[in-house]
Every structure is written in structure tokens, then in C-alpha cells.
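Subject: Structure handover

Hello,

Here is the structure for your files. My notes follow below it.

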Amino acid sequence: MGLPQQQLCAWVETPGPDATIAFRDIEVPKPGPGEVLVRLEVSGVCHSDHHSIYGNTPMTTHIAGHEGVGIVVAVGSDVSDDLLHSRVGVSWLHRACGKCEICKVDYTHCPHQDNSGRNVPGTFQEYCLADAEYLFQIPAEIPAAIAAPLLCGGITMYGALVRADLRAGDFVVIPGAGGGLGHLGVQIATSMGLQVIAIDSGPDKEAICRDSGACHFFDFQKSRSSLVEEVRSVAGGIGAHAVLCITGAPSAYESALAMVRSLGKLVCVGIPPSSYRLAISPFEILVRGLRIIGSTVGNRSHMSSLMDLVLQGKVRPTVEVYPFSELPEVMKKLEHATIAGRAVLQIQK
Ligand SMILES: [Zn+2]
Ligand SMILES: [Zn+2]
């Protein structure tokens, strides 16, 4: 079957506070050396797409999206034909340099990396280019809409939990646990034997947290001033072993260190407003032996472990599937945190 010349994309005219999203036809790109062309079936919508489109984080392409699932339909000159027709996932890490000192330790933090939807056109289009080395193979048993949230939400949580270096039985607090990222984090943490203390708001978010395996749930709207004390009291009275701060809300970052016990860890994952600064007392850090860890996405080995958890039925993303044309409405829902689980766009059948 021949490939079309033109395709539909969700075009962001001027990424920033006044960004608008318009659907337009653009050319189907051709894969260069090391690249493949993927015909996308679905794409998840991540909160960081919102950050990129509306200017909280830099975006230099016009097409956002980084949780794409589809089929390889063309390969670059030096890429093996074996990849043709394979079912793959396109994620945030489009390509790392693979050569620098950082890549030798953890390529997901390569300072020279390219990212889908940041500086390389992302997955809110019918056909996208991907680097053959950084694709994930998607097992046939996992439906596309279920696989999509693993590609950023799932792998982000898996990587953050590995970097938190916790042991079975440890307490981990997840603020924002009922969202797209959060509920996957609750499931993955539970599968690792951790005791999850979920924080979110409203009955829908509580239900998804509890269904995902959370031992405790606190509604931050109801608890407000007593939230820290309530968390500490269920975590042995001295606080949790770690807080995975996956929401960018400054209030969540502010209370995180008070929720951990001595030797506890704060893992920073959620993107706060760009001007926000975390005020920390170095004295408190040294005296309590605290650690602050940054984590973006997980690596290939984390992804294969995560796929195994999905195949074993231990991780199952809750998704709401929307037609591609509803991306602007989905962005509004993300803004108001009214999606329980992950929004996934049906790009094409
Ligand atoms: Zn993401
Ligand atoms: Zn590198």
C-alpha cells in the first residue's frame, strides 16, 4: 500500500500562553538515516504537552504529543527492514546522543537529547518520524489505547520509583495519585510491594487510587492544614520513606519534605510553574539526612519490566479515549484535572 503525501496534524501556531491548536494538512515526512516512519493509531495526552503548548516549558516544534502507538510503515536507508510492520511506541525521548559522559551513566538525562513534541514534531499527527534506536516494541496482547499511557506516564513512574530506591513494605506518598501519571504510579508501586499513601481530591480520584492499590487516601481539599500530620500518622508516625511529587502544584512540593521521615527522599517529577523555587533549609537536609532526586523518564530496561507488569495484569491504565479532533477540549480538561486516568486520542483506525 502506498503512503499518502498529506496527513492531518494538530498544529500549535505559537507555543506560549496564547497558543491555539488548529487541525491542518501537512506533508507526510520521509525517514532519514536511523529513522522510521510510524503510522499512528493512538496518542496519549500528557500534562507536559499542556506545559509545552502553553509556554510553561520550551517548545520549538509545532506538533506536541509523546505517547504514540502505531505501525512502522517505512524505514530509513540504513535501518533494517525487519522493523517494517512492527508495532511500536513513540515516546518523549526521541533520541539521546549515546556518546556523552551522561549517556554512559543514564541516557535518559542526556543533555543533548531530542524530545518528541518539544524540539521534534510529536505524536499529534497521523504519521511521525522516530529514531529506530529509541522506539519501544509493543507486545500484540496490549491494546493500543492501553499501551499509550505507558510510554510517558508509566515509564516516568517506573523510573521515579526505581530511582527512589525503596524496599518492599516502605511507605511512599504520591500527591496527584488519581491522575494519568498518578494512578499508574500507585499500581507500579503496589506491584513492588510498597505501601502507597495517595493524595488527590474528590470521590472519582479516590476510587481510582483505591482501585489501583493505595493503602491510604487523603483528600487535600478536606484535610488542608492537617494533611502533613495525617500522612505522618499512617506512615509509622514519623513520615514516609519517600514522596514522589508528580504534581507541579507548589503546595505539594512545599509539604513534601515534612511528609518524609529522616533519611527520606523527595523525588521531583511534576513540573511546577517556571518561576517557582523550592525553599529548603540545608540544615534540615543535613540533620535529617534527606535526599532530593530528579527524575524524568525511565530507560529501556524499565520499560520492559513495565510491559511485563502489564502482561501479568498488575498494571492496567485507566483511559478515556477521545476522537483526535477533541484535543483542544482534552487540554481544557487537563487544566481542570477532571480526567480520571489518562486521555488517549484515537488518531486513526
Ligand atoms: Zn509526558
Ligand atoms: Zn548523551
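Helices here are DSSP runs of H or I with at least four residues, and strands are runs of E with at least two, numbered from the N terminus. This is a predicted model, in which local features need pLDDT of at least 70 and side-chain atom pairs count only at pLDDT 80 or more, while totals for chains, interfaces and linings use all residues. Residues are numbered from 1 along each chain as its sequence is written, chains are lettered from A and ligands numbered from 1 in the order written, and side-chain values use heavy atoms, with hydrogens and water left out.

The axes of α5 (residues 180-191) and α6 (residues 203-212) come within 8 Å and cross at roughly 20°. The two helices are therefore roughly parallel (angles under 35 degrees; over 145 is roughly antiparallel, 65 to 115 roughly perpendicular, the rest oblique). Axes are lines fitted to C-alpha atoms, for helices over the stretch in contact, and angles run from 0 to 180 degrees between N-to-C directions. From α5, H183, V186, Q187 and T190 meet I208, C209 and S212 of α6 (contact: heavy atoms within 4.5 Å). These residues divide into 3 nonpolar, 4 polar and no charged.

Next, the metal site. The zinc ion (ligand 1) is coordinated by C46 (SG), H66 (NE2) and C152 (SG), at 2.0 to 2.2 Å. Donors are N, O and S atoms within 2.8 Å of the metal (3.2 Å for Na, K and Ca), and water is not among the atoms, so the site may look incomplete. Along the chain the donor spacing is C-x19-H-x85-C. C46, in the loop between β3 (35-45) and α1 (47-53), and C152, in the loop between α3 (144-147) and α4 (153-164), are 106 residues apart. C46 is buried, at 7% relative accessible area, and C152 counts as buried at 7% too (buried is under 20%, exposed over 50%, partly exposed in between; 1.4 Å probe, protein chains only).

L84 lies in the loop between β4 (68-75) and β5 (87-90) and is partly exposed at 26%. Leaving aside residues up to four places away in sequence, L84 touches V72, V73, A74 and V75.

Last, helix α9 (residues 250-259) has A252, Y253, S255, A256, L257 and M259 as its buried residues. They pack against β10 (171-175), β11 (195-200), α8 (227-234), β13 (240-245), β14 (260-268) and α10 (282-288).

Regards

Technical notes
Ala, Val, Leu, Ile, Met, Phe, Trp, Tyr, Cys and Pro count as nonpolar, Asp, Glu, Lys and Arg as charged, and the others, Gly among them, as polar.
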